[in-house]
Amino acid sequence: MPDLDDASAAAGTVAAPGGVGLVAPRDFVHARPFTFQSGQSLPGFTIRYETYGQLNPARDNAILICHALSGDHHCAGRHSPDDRKPGWWDNLIGPGRAVDTNRFCVISSNCLGGCVGSTGPSSLDPATGRPYGISFPFVTIRDMVRAQKLLLDHLGVSALHAVIGGSMGGMQVLQWGIEYPGFVRRLLAMATTSREGAQAIAFNEVGRQAIMQDPAWNQGEYPKDGGPRTGLAIARMMAHITYVSDASMDRKFGRRKKAEANGDAYTFDIQFEVESYLRHQGQSFINRFDANSYLYITRALDQFDLAQAYGSLEAAFAPVQAETLVVGFTSDWLFPPEQNRTIALALLRCGKRATYAELETDLGHDSFLLESEDLYAIVRGFLEREATVEVDFNI
Amino acid sequence: MTRLVEKRTVDMQIIGDWVEPHTRVLDLGCGRGALLGYLMQSKQVTAVGVDLDFHRISACVQRGVTAYQGDMLSFMHEFPDRFFDRVICSRTVQELDRPTDVILEALRVGRTVTVGFVNHGYWKNRVDALVRGRKVRNEVYTTEWFESRPANPLTIADFEHFCVTKRIRIARRAHLAGNWRSPRHILPNLLAGYALYDLTR
């Protein structure tokens, strides 16, 4: 049993406000066959995860964090004191932070099909001793959630206080509420959708084509440190644009030129800072992400359509028992506010408890990662409020 | 409690008396969720509020009141006929862009619509306008015109005329004196400071 309720962190020990400090990932090995929604199966799988904070004696104070397409399980703290950056949601998670690790045990897992420690297309197929490549089973959001449930069962979690996620993480949040209604009490989905729309599928397809048209992709068979690096970098460059906004890019880069551009406009070498930034995004991505995983996970996003999967959005949400908070962001043009509103409205039509809040930002889709006191306040309010209603007359 | 808070709670208590227990209630312009929080506790209603402001929605979340940030008309368009047992439009009606559309749509999605408003026909408001020649300012309307949202002040006579014109049935009315406490049945348009109505189709 993992040390989620380690004696060294006895109840009553409250960490000072701040980050979660040094953390280490762990691996959960599920050694039994797992059948995917597609009908394909694996003899077993591994899920990499991190935890911050301790489980209470009832083992029901856990909060699951679901990551987005290019994210991973490392959402808070640092792996070593020399790490340049903490986990991707470090601003939100920690002692005294909006997701308070003094109160909650935060669990963050790398999704099935990923490439940062969980079983995915770059894992070795025990049958052949070679990477699965595109013989890996097709993955859906529901498969990711079912694998996470096995992880939580293994950790002895009796109920989830909340599931939180943005973008693809938000899709998992919704799927959690549908798939395991009695297990989760609060759903917090941000910058997400109940149905991947044509524009989002279109962007995914451009990314996939960039990868698959790179000769080094080779039908998904490539060495571990090789493969379609150019294609994957271009996919990432394009996708990155969809995560930000016109206003935020212009504020960050404007038309500023690189010093080495020498004022020569008549060249295709890098001239503008935004070009250099995107190339850097592409280059750093290929060092941490697997091209086949990118294909699989974007396909999982494309397949996500709750209304189609269950007949209607209302039918999909019929089993939900949790209280839901959906947060949309005005400048998000990948999963615009309208698509977030749709989720809350359908839940309300089903008679469920659901709230929709919309933050005005100009940072685009990635706004859910925003350092915003307003966002922290609503997240904290949603997670920490007692189940009973408080009455005061402060209008 | 200040007098203002007292007035607000009186208003809540009357609406609370009218609301049936365990019903589904929508509050248009729910603010920070005070009324719905009160109804959830006193009448165990299933509540949802609508408001335009993020911070008010955030306050609702903190209070345990479910709420929707957005336009109230677009919100109601998303619901089938008679989905709510009661739609409340308390101290919002004078700030609506399209009051007729909102009230008629509320009558479609709700079995009963409760409207509460400050009566601008109340004699003190009349005297105020006549003597001071300025926008009404009092403990309810505290701001100068240039710090206020566009308002569409109405009187009890205006509202009753509206109901006749639109063939809306008034199931119940409460006219309160200037202290918003004692009932005022005689010459309400002149003598009542606050009015509450239950409307049905």
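Residues are numbered from 1 along each chain as its sequence is written, and chains are lettered from A and ligands numbered from 1 in the order in which they are written. In this predicted model, local features need pLDDT of at least 70 and side-chain atom pairs count only at pLDDT 80 or more, whereas totals for chains, interfaces and linings use all residues.

Chain A contains 11 helices and 14 strands; helices (H or I, at least four residues) and strands (E, at least two) are DSSP runs, numbered from the N terminus. The radius of gyration of chain A is 21 Å, in agreement with the value near 21 Å for a compact globule of 395 residues; the radius is taken over C-alpha atoms, and the globule rule is 2.2 Å times the number of residues to the power 0.38. Along the principal axes, the C-alpha atoms of chain A fill a box of roughly 65 × 55 × 50 Å. Of the 395 residues in chain A, 50% are buried. A residue is classed as buried if 20 or more other C-beta atoms lie within 10 Å of its own, exposed if 12 or fewer, and partly exposed in between, with C-beta atoms placed from the backbone. Among contacts in chain A with a separation of 6 or more, 72% involve residues 24 or more positions apart, a contact being a pair of residues whose C-beta atoms, placed from the backbone, lie within 7 Å.

In α4(A), 11 of the 15 residues are buried, including Arg229(A), Leu232(A), Ile234(A), Arg236(A) and Met237(A). The elements covering the buried residues of α4(A) include α3 (198-212), α6 (273-286) and α7 (291-303) of chain A. Helix α7(A), with 13 residues, reaches 19 Å from its first C-alpha to its last, close to the expected 18 Å. Of these 13 residues, 10 are buried, among them Asn292(A), Tyr294(A), Tyr296(A) and Leu301(A). The cover over the buried residues of α7(A) includes α1 (141-154), α2 (168-179), α3 and α4 of chain A.

In soluble globular proteins, nonpolar side chains tend to be buried together. The largest nonpolar core comprises 162 residues, and those with the most contacts inside it are Ile63(A), Val99(A), Val163(A) and Leu188(A). Such a core is a set of buried Ala, Val, Leu, Ile, Met, Phe, Trp, Tyr and Cys residues joined through C-beta atoms within 7 Å. Leaving aside neighbours within four places in sequence, Ile63(A) is in contact with Val99(A), Phe104(A), Val106(A), Leu160(A), His161(A), Ala162(A) and Ile164(A). By contrast, Ala127(A) lies in the loop between β9 (124-125) and β10 (130-131) of chain A and is exposed, because 9 other C-beta atoms lie within 10 Å. The C-alpha atoms of Ala127(A) and Arg349(A), which are 222 residues apart along the chain, are separated by 49 Å.

Chain B comprises 8 helices and 7 strands. The radius of gyration of chain B is 16 Å, close to the 17 Å given by the globule rule for 201 residues, so this chain is as compact as a globular protein of that length. The C-alpha trace of chain B spans about 45 × 35 × 30 Å along its principal axes, and 43% of its 201 residues are buried. Residues 24 or more positions apart account for 63% of the contacts in chain B with a separation of 6 or more.

Within chain B, strand β1(B) (residues 24-28) has 4 of its 5 residues buried. Strands pair if DSSP finds at least two bridges between them. Strand β1(B) runs parallel to β2(B) (residues 46-51), to which 5 bridges join it; Leu28(B) has Val50(B) as its bridge partner there. A further 3 bridges join β1(B) to β4(B), also in parallel, with Val25(B) partnered by Arg86(B). Strand β4(B) (residues 84-90) is itself mostly covered, with 6 of its 7 residues buried. This strand is joined in parallel to β5(B) (residues 110-118) by 6 bridges, and Phe84(B) stands opposite Gly110(B).

At the interface, 26 residues of chain B are in contact with 25 residues of chain A. On the side of chain B that touches chain A, α1 (3-18), α2 (34-43), α3 (54-63) and β3 (67-69) of chain B each supply at least two residues. The largest share, 7 residues, comes from α3(B). By residue class, this side of chain B divides into 12 nonpolar, 10 polar and 4 charged residues, where Ala, Val, Leu, Ile, Met, Phe, Trp, Tyr, Cys and Pro count as nonpolar, Asp, Glu, Lys and Arg as charged, and the others, Gly among them, as polar.

Terms used. Two residues are in contact if their C-beta atoms, placed from the backbone, lie within 7 Å. The expected span of a helix is 1.5 Å times one less than its number of residues.
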